[in-house]
Amino acid sequence: MESMGMHVGKRLAERYTCYVPRINAQLDMIKFICKEFWTEVFRKQADKLQTNYQGIYVLHDYNLPWFSKLSHTNIELQEAQALASLACGIVKGALLNLGMKAKVTCEIVNIPRCQFTVVDATILPGVGGDNASATSTTTK
């Protein structure tokens, strides 16, 4: 699911940035993802963005539309994790298209609430290796 999401994210980012001046600053890339890109993909902006200004960003979505119809059964929780993996891939592909290689993870806090953590690959050990391309989803 993640690799499929990456391809989709790259193409969507290409489409949504074709009339926008090149985004160079990392924080501006993340802001673009939270506002314009998130709106196009999920039909709403991300609810909150947190950063430590050192390459780690947390995007909060309190009511992700993809999860809004799911309940807390085990089967639907597995579906939510698959959807989260797809969403991570989409965000990762979009960032890659913008020029930022990152590790993207999603934590499902409580359906439909989740948070995406984006970590700049240049601050990870083993840059360019498998650590930089990993995506995971967790559930609380």
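Is arginine 43 buried or exposed? Arginine 43 is exposed, with a relative accessible area of 66%. That clears the cut-off, because exposed means over 50%. The model is predicted.

**Helix α1**

- Helix α1 spans residues 2-16 and has 15 residues.
- From its first C-alpha to its last, α1 reaches 20 Å. That is close to the 21 Å expected at 1.5 Å a residue.
- Six names make up the buried set of α1: Glu2, Gly5, Met6, Gly9, Leu12 and Ala13.
- Seen down the axis of α1, these buried residues fall within an arc of 135°, so they line one face of the helix.
- Arg11 and Arg15 are exposed on the other side of α1.

**Helices α2 and α3**

- Two packed helices are described by the angle between their axes and the distance between the axes.
- Helix α2 covers residues 26-42, and helix α3 covers residues 74-98.
- The two pack at an angle of about 130°, and their axes are 11 Å apart.
- That angle makes α2 oblique to α3.
- The crossing of α2 past α3 is right-handed.
- On the α2 side, the contact residues are Met29, Ile30, Phe32, Ile33, Phe37, Trp38, Val41 and Phe42.
- They meet Ala87, Ile90, Val91, Ala94, Leu95 and Leu98 in α3.

**Positive phi in loops**

- Arginine 43 sits in the loop between α2 and β1 (48-51).
- Phi of arginine 43 is near 65°, a positive value in a residue other than glycine.
- Tyrosine 53 lies in the loop between β1 and β2 (56-61).
- Phi of tyrosine 53 is near 60°, and this too is a positive value in a residue other than glycine.
- Tyrosine 53 counts as exposed, at 67% relative accessibility.

**A cis peptide bond**

- Which peptide bond is cis? The bond from isoleucine 111 to proline 112 is cis, with omega near 5°.
- Proline 112 is in the loop between β3 (102-110) and β4 (113-120).

How values were computed. Residues are numbered from 1 along each chain as its sequence is written. This is a predicted model: local features need pLDDT of at least 70, side-chain atom pairs count only at pLDDT 80 or more; totals for chains, interfaces and linings use all residues. Side-chain values use heavy atoms; hydrogens and water are left out. Helices (H or I, at least four residues) and strands (E, at least two) are DSSP runs, numbered from the N terminus. The expected span of a helix is 1.5 Å times one less than its number of residues. Buried means under 20% relative accessible area, exposed over 50%, partly exposed in between (1.4 Å probe, protein chains only). The arc is that of the directions from the helix axis to the C-beta atoms. Axes are lines fitted to C-alpha atoms, for helices over the stretch in contact, and angles run from 0 to 180 degrees between N-to-C directions. Angles under 35 degrees count as roughly parallel, over 145 as roughly antiparallel, 65 to 115 as roughly perpendicular and the rest as oblique. A crossing is left-handed if the near helix is turned anticlockwise from the far one by less than a right angle, and right-handed if clockwise. Contact means heavy atoms within 4.5 Å.
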